[in-house]
Amino acid sequence: MLPSRYLRAAAQQRSHRRPPAAGEACSGKIDADVIRRNKSITAHMRAGRVGEAERLFDAMPRRSTSTYNAMLAGYASNGRLPVALSLFRSIPWPDTFSYNTLLHALAVSSSLTDARSLFDEMPVKDSVSYNVMISSHANHGLVSLARKYFDLAPEKDAVSWNGMLAAYVRNGRIQEAMELFNSRTEWDAISWNALMAGYVQLGRMAEAQELFDRMPQRDVVSWNTMVSGYARGGDMVEARRLFDMAPVRDIFTWTAVVSGYAQNGMLEDAQMVFDAMPERNAVSWNALVAAYVQRRMMEKAKELFDMMPCRNVASWNTMLTGYAQAGMLDEARAVFDMMPQKDAVSWAAMLAAYAQGGFSEETLQLFIKMGRCGEWVNRSAFACLLSTCADIAALECGMQLHGRLIKAGYGLGRFVGNALLAMYFKCGNMEDARNAFEEMEERDTVSWNTVIAGYARHGFGKEALEVFDMMRMTSTKPDDITLVGVLAACSHSGLVEKGISYFYSMHHDFGVAAKPEHYTCMIDLLGRAGRLDEAQGLMKDMPFEPDATMWGALLGASRIHRNPELGRIAAEKIFELEPENGGMYVLLSNIYASSGKWRDVGKMRVMMEERGVKKVPGFSWMEVQNKVHTFSVGDCVHPEKEKIYAFLKDLDMRMKKAGYVSATEMVLHDVEDEEKENMLKYHSEKLAVAYGILNIPLGRPIRVIKNLRVCGDCHNACKYISAIEGRLIILRDSNRFHHFRDGSCSCGDYW
């Protein structure tokens, strides 16, 4: 935005100008040479040849106000607003056209404050001046200000009325649009179509039809608006009826019907209309290609794509998105690389393809390439990148994206704001997550659910329930996902009675019927609390059969409370439902091992081999200075392994002096305790924590992510390490978060 003081200076400068000298700015008769050169300046500016126009202007011995206006309009249309403003100050006697040209340039560049200042300074204003102010404020959603200038206009032409009507329609203020429309009778077809389109956009087809029926004269746009409106709403019978009735059809009429059939899954009808089209454009082809893409018929979609005589960016994006949604990442990348031109949608689609496919590194590498190409990052891309950072807990990268998000001027709307919330919670940064939540411009159910579930996973049940109470005081209604978060908060924090109360009252209080996810939370809640009989009773009384997740919750409770018989029953059920779930075999083996049942541990190992089930190898990772470091048990490839092992050896001695005892019962091998201690000493999460202590400055948390559930020994060790080293350790495992501080964990040893 240009400072208003420049405009004031221009006004002062003009007020002290002398009258124009002969040949400087002509009034009255203008010679043919000036007219000819003015036309040449205009032609150069329209072609983007600003330098040529400037040379011609500088060489002119005589100039008229029209000469200056040609230069002024040229600078404005070529995005040279500062130069245009400087030239405006030098015009000897600017006319209304001069003012209107600069006024429009300021409005287009979003310098509305300066536009208002210039408007106030104008010695003479015409309908164009008022129309510029109406449209510019309407385009920025400032409808009340647009109406102010509309009311101030002493004379209103068709552009004024249509501009104000469009302002109301574009900003969803359809009632005010209708009131304005009813305030006069002389409206052209453009106005009727604009109001009708407003109702169509809101899905209010009855009102749109009423307007259509009242129209004194309809044009092809009128018919197209109604056909496309019914098609988008899924009423293809009415859309086709109007299509058949239309006295004249253009390519958009045909395309609206093709798109309507395609979007409503009526592929054969779409193909028939497409084949009957007298002419087609890229939009027509894109509509049919998109129809095949939606049906996952990628071979047919590619066949049509290859036949297209004219492709635009949307054509390529449709194929790219289709391949990505079908999980065909190699084909999607091939299309992306072949694109002659990419837009923000292309980049966002490719980023989403990698992110949804779990290719986090490729996602971030593509983002870096996107920045080098100078491509604008849209909201969709930001949300995708934040989700990727959340998945791999790349907090530093996520925080940089947050900064870029603010600089891009997106603010914290719901779409990006929810992704930002999830990123901070999944990276273990509770404070910034809460700050982002407080700063959100508007919140929806997803926003509240993300915060409740985030606190729940971190073991902050009290905070989760406080947020739930806040939500209940708003107009946002809790849904089934909200209650899953609430029950999980109670489960992870040991709030048993509260959880039971919410479970049995949620249908009455919130209209939420219990689903399998809610029962799973309750089985987990009762099981962790040692109320195993009640958990089993709840499973028997459910209106549906228990699934593997429910039996898994019961198996986990059996481990905590050392009930190998119940663990065996639960595990057998899981093996029937999910025979390839290696984690459950290991969990049952842990139960047997902790009870000294080595023969049963051996049987489990044989069963896994016979069924071809492989244990998922455990690994941990952490981000240090924008680089992700990964560790596995007994890691021997990390470049700083010797330093890490030396530190762990010293740390192990200090931990034992403080009272730490290795949980050797966690080892699934019948060997001596000393060997078991060595097996436990170099688990991946311990290596990661050690590396963090050595490389992350004091005062900053050590954030570690593990792909499996943390074992009991590492959990105990992290408590000792947090006390001995005076560090906050935040460990995210496959089930939840653990905040270790001063020798205790946020889960209260309840995981």
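Student: Hi! What volume does the largest cavity have?

Tutor: Hello! This is a predicted model, and in it the largest cavity comes out at about 70 Å³.

Student: And how many cavities of 30 Å³ or more does a search of the whole structure find?

Tutor: The search turns up 3 of them.

Student: Nice. What about the second largest cavity, what is its volume?

Tutor: That cavity has a volume of about 40 Å³. Around it you will find Ala393, Lys426, Cys427, Gly428, Arg703, Val704, Ile705, Ile730, Arg732 and Phe737.

Student: Which strands supply at least two residues there?

Tutor: Strand E3 (702-706) and strand E4 (729-732) each do. E3 provides the largest share of the lining, 3 residues.

Student: How does that lining split by class?

Tutor: There are 6 nonpolar, 1 polar and 3 charged residues around the second largest cavity.

Student: Let's switch to pockets. How much space lies in the second largest pocket?

Tutor: About 460 Å³. Its lining is built from 19 residues, and those nearest the centre are Ser360, Glu361, Leu364, Ile392 and Val628. Two or more lining residues come from each of helix H23 (360-372), helix H25 (395-407), strand E1 (619-624) and strand E2 (627-632).

Student: Which of them gives the most?

Tutor: H23, with 6 residues. Taken by class, the pocket lining has 10 nonpolar, 5 polar and 4 charged residues.

Student: OK, new topic: the core. Which residues in the largest nonpolar core touch the most other members?

Tutor: Those are Ile41, Met164, Leu195, Met423 and Leu555, in a core of 206 residues.

Student: I'd like to click on Met164. What is it in contact with, leaving aside neighbours within four places in sequence?

Tutor: Look for Ile134, Val143, Ala146, Arg147, Phe150 and Leu180 around Met164. There is also a second, separate core of 29 residues, with Ile644, Leu651, Val704 and Cys718 among them.

Student: Now aromatics. How many aromatic pairs does the search of the whole structure find?

Tutor: It finds 22. One of the pairs is Phe437 with Trp448, an edge-to-face arrangement with 5.1 Å centre to centre and 80 degrees between the planes. That pair joins distant parts of the chain: Phe437 belongs to helix H27 (residues 430-439) and Trp448 to helix H28 (residues 445-457), 11 residues apart.

Student: Are Phe437 and Trp448 buried or exposed?

Tutor: Both are buried. Another edge-to-face pair is Phe468 with Tyr502, at 5.7 Å centre to centre and 85 degrees between the planes. Here helix H29 (residues 461-472) carries Phe468 and helix H31 (residues 496-510) carries Tyr502, so to speak across a gap of 34 residues. Phe468 and Tyr502 are buried as well.

Student: Which residues form an aromatic cluster?

Tutor: Phe503, Tyr504, Tyr519 and Phe544 form one.

Student: Where is Asp742 placed?

Tutor: Asp742 is in the loop between strand E5 (737-741) and strand E6 (744-745). Its phi is also positive, near 55 degrees, and Asp742 is not a glycine either. With a relative accessible area of 61%, Asp742 is exposed, since that label applies over 50%.

How values were computed: Residues are numbered from 1 along each chain as its sequence is written. This is a predicted model: local features need pLDDT of at least 70, side-chain atom pairs count only at pLDDT 80 or more; totals for chains, interfaces and linings use all residues. Side-chain values use heavy atoms; hydrogens and water are left out. On a 1 Å grid over the protein atoms alone, a cavity is a set of points where a 1.4 Å probe fits but cannot get out, and a pocket is an open set with protein on both sides within 12 Å along at least five of seven lines; lining residues have an atom within 4 Å of a point. Grid points are joined across faces, edges and corners, and a volume is the space filled by probe spheres set on the points. Helices (H or I, at least four residues) and strands (E, at least two) are DSSP runs, numbered from the N terminus. Ala, Val, Leu, Ile, Met, Phe, Trp, Tyr, Cys and Pro count as nonpolar, Asp, Glu, Lys and Arg as charged, and the others, Gly among them, as polar. A nonpolar core is a set of buried Ala, Val, Leu, Ile, Met, Phe, Trp, Tyr and Cys residues joined through side-chain atoms within 4.5 Å. Buried means under 20% relative accessible area, exposed over 50%, partly exposed in between (1.4 Å probe, protein chains only). Contact means heavy atoms within 4.5 Å. Rings of Phe, Tyr and Trp (its six-membered ring) pair if their centres lie within 6.5 Å; planes under 30 degrees apart count as stacked, over 60 as edge-to-face and the rest as tilted.
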